[in-house]
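Have a look at the model first, and then we can walk through it together.

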Amino acid sequence: AVRQDPYRPHVHYTPAANWINDPNGLVYFGGQYHLFYQYNPYSSSHAHMHWGQAVSTDLVHWQERGVALTEGEHQIFSGSAVVDWKNSSGLGDGTSPFLVACYTGHTETHQAQYLASSQDRGETWTLHPDAVLDRGKQDFRDPKVFWHAPSAAWIMTVVHPIEREVELLRSADLHTWTSLSVFGPTGETGGIWEVPDLFPVLDDDGQEHWVLKVDLNPGGPYGGSGVQYWLGDFDGQRFTTRTPSRWVDHGQDFYAAITWHDLPERRVWLSWMSNWQYAHHVPTATEGWRGAMSLPREVGVSVDADGPILVQRPVPELQILRQTLRPLHLGVTSLQVDQAHEFLLNWSAAESFHVRLEFRSEAGIEVSVEVTPEEVVVRRPKTVVTAGLDGYAGEHRAPLPPLGAYDLHLFLDASSLEVFAGGGRAIITDLLFPAQPICEATCTIKGLDHGSFTGALWPLSQADF
Ligand code: FRU
């Protein structure tokens, strides 16, 4: 189909219409990746929260399935989903594994955690009316449940937003929860805490590291919302950090990421690609939709000279979208591009170099990316379209550790830019709303020797959703 809407992503998930925010209930079951999300089926603003749903077999092509969990007495706020393999919740018939979702029921004055179950792989859901975790509080939300094999228990992380606390709890049956410990307040506390996740990853030597991530709003790196993480241990009881808090993403539009539960071999997450600072005002609602997900990313840990650090890479499945490769060369090259492109540059350098990509429309430079030995910088200027978006224009900087080998992996997709550099250590995710469609990329590569550089770009075919 011909796309009339210049901001609609080609390779990032967006529903056909209406408002979305956080991904919810990410779970892998029966060969399908489930993607639920905060969804308002009635309009392009944040109200009447339901869970919308999409499914995929490859993390690239998504099939939208409409509403999964419907608001009733309360709105259906964020949460998670697991496969109940052994009917530990008693909500199944005991013959086959099924999905259990744990979400926050929200009213103006009260938030508590509830269960929903599905016996048909997420197509239809039963909401169970009694709260499984209720402290009579106004702010208490975003349960992320996972199976912890070493202690043979379900573990939940859930936030007390105002107190800047992540509470950890244990359960045998998903109904009765016992408090284990509390993490926080610590690290970045300049805003309320939301959407925690706690999960293990292995480094290259096969050593396990636990990642605790929690979002905050405001108090992010540029004032709006942002995501921080710590690396450490989880002993079945409490999380102990070995690092200070760091930003997961140095751009402005990566929020509320959670990981897929029950995915063998690897950790994958994605996030809502927006910022509470201006999410209600981004100029896509004229087309009937507002909000998109980031690309799915593999999450790992690298142990560097100054300790462990989180690394994120786009999932390799995305490579099936690549069309004909066009090589990039040293010096200055201008290329015609259209809505969705992937760039991949690799080089080695001892001291100085300068790599710069500028994306232009007929109205001028819409966004640029610069890599120096110390950092990656994305510059997002104000456009006529974004004049009313508070905090939109700016420079977003991600530090690069001294590496010797450099890479820049970048996805430009209509109204977004995702930049991966430093072997997955320096990430910048930014929405962009060009005044005119981007039509040209100018690539300037200086200070490098032939032989130490390879570069390519691919137009990307449209993922059908
Ligand atoms: C995070 C968040 C969650 C909440 C949901 C409501 O973006 O505020 O804390 O559950 O969105 O839509």
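The UniProt entry, which is unreviewed, places the feature "domain: Glycosyl hydrolase family 32 C-terminal" at residues 332-437. Keep in mind that this is a predicted model.

**The six-stranded sheet**

- An open sheet is built from six strands, and its order reads β23-β34-β25-β30-β31-β32.
- The pairing in this sheet is antiparallel.
- At the edges sit β23 (326-328) and β32 (426-431), each of which pairs on one side only.
- From one strand to the next, the twist averages 15°.

**Where β31 meets β32**

- Strand β31 covers residues 416-421 and runs antiparallel to β32, with six bridges joining the two.

**A closer look at T383**

- T383 belongs to the loop that links β28 (375-380) with β29 (394-399).
- Is T383 buried or exposed? Its relative accessible area is 9%, and because buried means under 20%, T383 counts as buried.
- The T383 side chain reaches the backbone oxygen of F433 at a distance of 3.1 Å.
- Beyond its neighbours within four places in sequence, T383 is in contact with E366, F433 and A435.

Note on methods:
Residues are numbered from 1 along each chain as its sequence is written. This is a predicted model: local features need pLDDT of at least 70, side-chain atom pairs count only at pLDDT 80 or more; totals for chains, interfaces and linings use all residues. Side-chain values use heavy atoms; hydrogens and water are left out. Helices (H or I, at least four residues) and strands (E, at least two) are DSSP runs, numbered from the N terminus. Buried means under 20% relative accessible area, exposed over 50%, partly exposed in between (1.4 Å probe, protein chains only). A polar contact is a pair of N or O atoms within 3.5 Å; within protein, one must be able to donate a hydrogen and the other to accept it, and residues adjacent in sequence count only if both atoms are side-chain atoms. Contact means heavy atoms within 4.5 Å. Two strands pair if DSSP finds at least two bridges between them. Axes are lines fitted to C-alpha atoms, for helices over the stretch in contact, and angles run from 0 to 180 degrees between N-to-C directions. UniProt positions are given in the numbering used here, feature names are shortened, and annotations may be inferred rather than shown by experiment.
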